[in-house]
Amino acid sequence: MGGSSFDFLATGTKWQFDFAEDFSVAKLEMIRTILSNRAEDFESIYSRFREDSLISKISQKSGEFALPEDSEKLFDFYFRLNKFTNGKFTPLVGELLNMAGYDKEYSFITKGVLEHMPDLESVAEYKFPTINVKEPLKWDLGAAGKGYLIDLLGKLLEENGISEYCIDAGGDMLQKSKTKVLRVGLENPKNFEQVIGVAEIKNQSICGSSGSRRQWGNFHHIFDINSLQSPTDILSTWVVAESAMVADGIATSLFFSKPVDIKRGFDFEYLILNSDFTVERSKYFPVELF
Amino acid sequence: MEESIDSKVEVKTEGSQNKILPFVLIVVLLIGIGIFALRKPSKEEVLEMGKGEEQSAKVTMTVTPAIIANYKDGKYVATGNYTSPAGDESVEVKITLKSNVITEAEVISKATKPKSITMQNLFIGGFMEMVVGKNINEVKLDKVSGSSLTSKGFNDAIEKIKTVAKV
């Protein structure tokens, strides 16, 4: 068995990198530094928890903001998925998360009554490379930001001559391989000792979303902006797509939008685990269920 | 326009099975539940069919997983034939049995008449699977995807709150 690996902490979770090749310690250390620096840069721009981040800035003040080069795909995706979910997938959920107590300090204390959000289009005019913010509201790019960072780091590996790898960011992953199929257990959200099935991916990403761990009071980290509640009829969702950003964002969206609506705009396979342990999945989701 | 099922069911198996007959009955039952209009609306999802005079039947879409005692693990394929108001039709059901539980099921429409196609697709689309889970150490895995490895800061904070809440 060849292969090498390393990990580091970023975006509040463990990032594990596995390689088919047997790299030297020195080379591993070099790659690790390149990747962890990139992750740090990314967080300093896109985290709503960093006071001087771009996301914090556009959350606080109206006006026109210049966007960095690497933001185009992410902003395009947010505005596009926003349309295909009838406005329900929105970065303005940051306002709700914050009001509900999922804030910088992790206070989990609800700050007053949750209110309905205005439409994304009416709050911000986006045309890369600028965004014109008309009303300052708290943004959060957490629903697809981690997936996008997975894609970026994958690209960075390829630019450094590494074509076979697996990036696992706390259960959301992207795998590239000429030969190996990756067997990914789908965690039972009610019993972490168990899996409810095994998905097999190759040169794809699989991302999962679940309310089970990040829970406080009546809330978890996913909100339906219409009901102002965290959905409870779905326990977990998994999405397989070519890009981790797409898989990540859609996994969240399946909690409040119909797969058929999202399918109109994106190419992906999905599996939804309902709270009664029934499963709904697309025809080609590559899974064996237990 | 009651559709009635006849007893012509061909079963092919992949693997050596001998106690097939009772199982066939269940397959037939599954097909029956799905395709034919149930007059009783169940507590599960009920879809209203076309509002035309001809067809106003309600079709229940949910099939609960069947648990059968003592059958050999394996893949089973069965073709169910039935007579619809439009003529003879069939539907193919592929099922994987593991430890007496149907772990996978696929229903393939063999219908040729337009109305039967609509009816069968309704059934196929609404077929529900149920999962029970399996211990991680019983399954060969490279990775696990879920929420157990979520933000450490978040988990620490929750733990803190739990401690405070206990007092």
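The model is predicted, so local features need pLDDT of at least 70, side-chain atom pairs count only at pLDDT 80 or more, and totals for chains, interfaces and linings use all residues. Residues are numbered from 1 along each chain as its sequence is written, chains are lettered from A and ligands numbered from 1 in the order in which they are written, and side-chain values use heavy atoms, with hydrogens and water left out.

Start with the ring pairs. Rings of Phe, Tyr and Trp (its six-membered ring) pair if their centres lie within 6.5 Å; planes under 30 degrees apart count as stacked, over 60 as edge-to-face and the rest as tilted. Over all chains, the search finds 18 aromatic pairs. Take A:Phe19 and A:Phe23. Their ring centres are 5.5 Å apart and their planes stand at 70 degrees, so this pair is edge-to-face.

Now look at A:Tyr102 and A:Phe108. Here the centres are 6.2 Å apart and the planes are at 35 degrees, so the pair is tilted.

A:Phe19 is buried because its relative accessibility is 5%. A:Phe23 is buried at 12%. A:Tyr102 is buried at 5%, and A:Phe108 is buried at 10%.

A:Phe19 and A:Phe23 also belong to one aromatic cluster, together with A:Phe6, A:Phe8, A:Trp15 and A:Phe17.

Last come the charges. A charge sits over a ring if NZ of Lys or CZ of Arg is within 6 Å of the ring centre and within 35 degrees of the ring normal. A:Arg48 lies over the face of A:Tyr102, 5.2 Å from the ring centre. The charged end of A:Arg80 sits over the ring of A:Phe266, at 4.7 Å from its centre.

Key
Buried means under 20% relative accessible area, exposed over 50%, partly exposed in between (1.4 Å probe, protein chains only).
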